[in-house]
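Hi there,

Here is the structure I promised to pass on. My notes on it follow below.

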Amino acid sequence: AFHLATHGVCDVTRLPRFREFLRWGILLLTPPCPSDEAAMRDGLTARDYAAATKVRRLPPVGDHARLGPWVPEHYALMARLYRQAGDDAFADELLGAYQSGGADGGYFGNLPLLFARLEDADMRPAPPLRLASRRLEGFGAILRGNVHRDNEFCLLLKQGPGGYRYHRTEGSFILFAHGRPLVYDGGEAGETWRHSTLSFHDSHMPLAPGHVTAFHSDETMDFVQGVHPAALAPGDAVFFSDRCDHELVPLAWQRFAETEPADVRTVLWVKDEYVIVHDDLALPPGVSTHWHLQVLAHDEMHAGDGWRFRGRFGTDLQVVLPGQSFTAARVESQPMLEYHAPAGGAVAMRHLRLDATSPAGFLAVLRPLAPGKAPVEVTAIRHDGRLIGCRLVGDGLDDTIVLTRRQTAWAGDGIRFHGHAAAVPTTHGPHELH
């Protein structure tokens, strides 16, 4: 695009879709995290983490994800074009993305072109990026908080067919809290079980691509709910890129219109406190089902209905699955698959895998534990035999959360509820979310 514009072939700054294409990478940027692969692998003390060189990365979703590349020189080069076209605001966004990514392009960089084409004035410091929670149509949603602060929060949920080379990441998410990466994945491999999502059958088939049906964001909490029409079986088509047959077109429309989806996956963030991930499932009998969580941690300790993962940068992660039983549960070290593994070894996650057969659902509470934060007690809320929410108590909290796939009437703990989803946190008052 830069060369086409430079040689007068096409003024790409006049193409609205190209502008949105460039903005897409900015919308997805992670909070700053270590640029050094050894730091991500081995961890740092809280003091060393604060002093470490950190970059905003493009998230590790899709092929060649590795740890997530940082922003290449193309953004700085395009900033020059948009500034010449009089669009200083968008030029600042592009340049700000490049500078927040370390201004060296990482392993997809193009420094020779940058030095050949840009002047000192083109690299003046850009204003801070404006990043906020939002729905990402066709891809999912991103939840953000405390942007540009040391305790920045970010959760990126993959809930839609958009993506790069369509790895089996559907339903997965990455999580940063207190400015630290906690739930992460990446690498070159696209197997479903390498991501924080659900897989099915012995071959770990993915969820069918879904879409977001509800999104809400305010000063106290963020909420996203979406549907995944099918739990795919071996031999089922996942994406058009798997098998480009014409009959897949009506199949895609049929899946989009599915009235009883296999999974309604909901993510709720009560800001600065905890995240809830809820799967309300409708599966045929006898389907082997696996719930995965990839945590960037040294190790973990089993505690009650969950685990406490010892984070690599001074923030732990409490994971609670209240009142649920599984046919098997295990945690193992899961190295990222790299074409060229670093000399010191690849970055590895602690992979929590929970197995069940056609369960009605899963509900997990993820509570980041920075110094000074205490774990919480979580009890399940059930209605007509289904897990529809939970109550969280401790460390100043007494919250009730209800999440369902359809209109539900429930009463308990002095609360009367009718709807799809609601949160009643002690500190903020009730929220009807959907």
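**A contact at His-420**

The backbone oxygen of Arg-405 lies 3.5 Å from a polar atom of the side chain of His-420. His-420 is found in strand β23, residues 415-424, and is buried at a relative accessible area of 17%. Buried here means under 20% relative accessible area, exposed over 50%, and partly exposed in between (1.4 Å probe, protein chains only). Helices (H or I, at least four residues) and strands (E, at least two) are DSSP runs, numbered from the N terminus.

Before you read on: this is a predicted model, in which local features need pLDDT of at least 70 and side-chain atom pairs count only at pLDDT 80 or more, while totals for chains, interfaces and linings use all residues. Residues are numbered from 1 along each chain as its sequence is written, and side-chain values use heavy atoms, with hydrogens and water left out.

**Strand β10**

Strand β10 (residues 221-228) has eight of its eight residues buried, so it is largely enclosed by the rest of the structure. In a regular strand the side chains alternate between the two faces of the sheet. Both faces of β10 are covered, with Met-221, Phe-223, Gln-225 and Val-227 on one side and Asp-222, Val-224, Gly-226 and His-228 on the other.

What does β10 pair with? Strand β9 (residues 211-217) runs antiparallel to β10 over six bridges, and the two form a hairpin with three residues between them. Strand β11 (residues 263-270) also pairs with β10 in the antiparallel sense, over eight bridges. Strands count as paired if DSSP finds at least two bridges between them. Val-212 stands opposite Gly-226, and Asp-222 opposite Trp-269 in β11.

**Salt bridges**

With a salt bridge taken as a side-chain nitrogen of Lys or Arg within 4 Å of a carboxyl oxygen of Asp or Glu, the count comes to 25. One of them joins Arg-19 and Asp-87 (2.4 Å, N to O). This pair links distant parts of the chain, 68 residues apart: Arg-19 is in helix α2 (residues 16-27) and Asp-87 in the loop between α5 (74-84) and α6 (88-100).

Asp-279 forms another with Arg-265, the closest N and O atoms being 2.7 Å apart. Asp-279 lies in strand β12 (residues 274-281) and Arg-265 in β11, so the pair ties together parts that are 14 residues apart in sequence. Asp-279 is buried at 0% relative accessibility, and Arg-265 is buried at 0% too.

Best wishes

Note on methods:
Polar contact = N/O pair within 3.5 Å; in protein donor to acceptor, adjacent residues only side chain to side chain.
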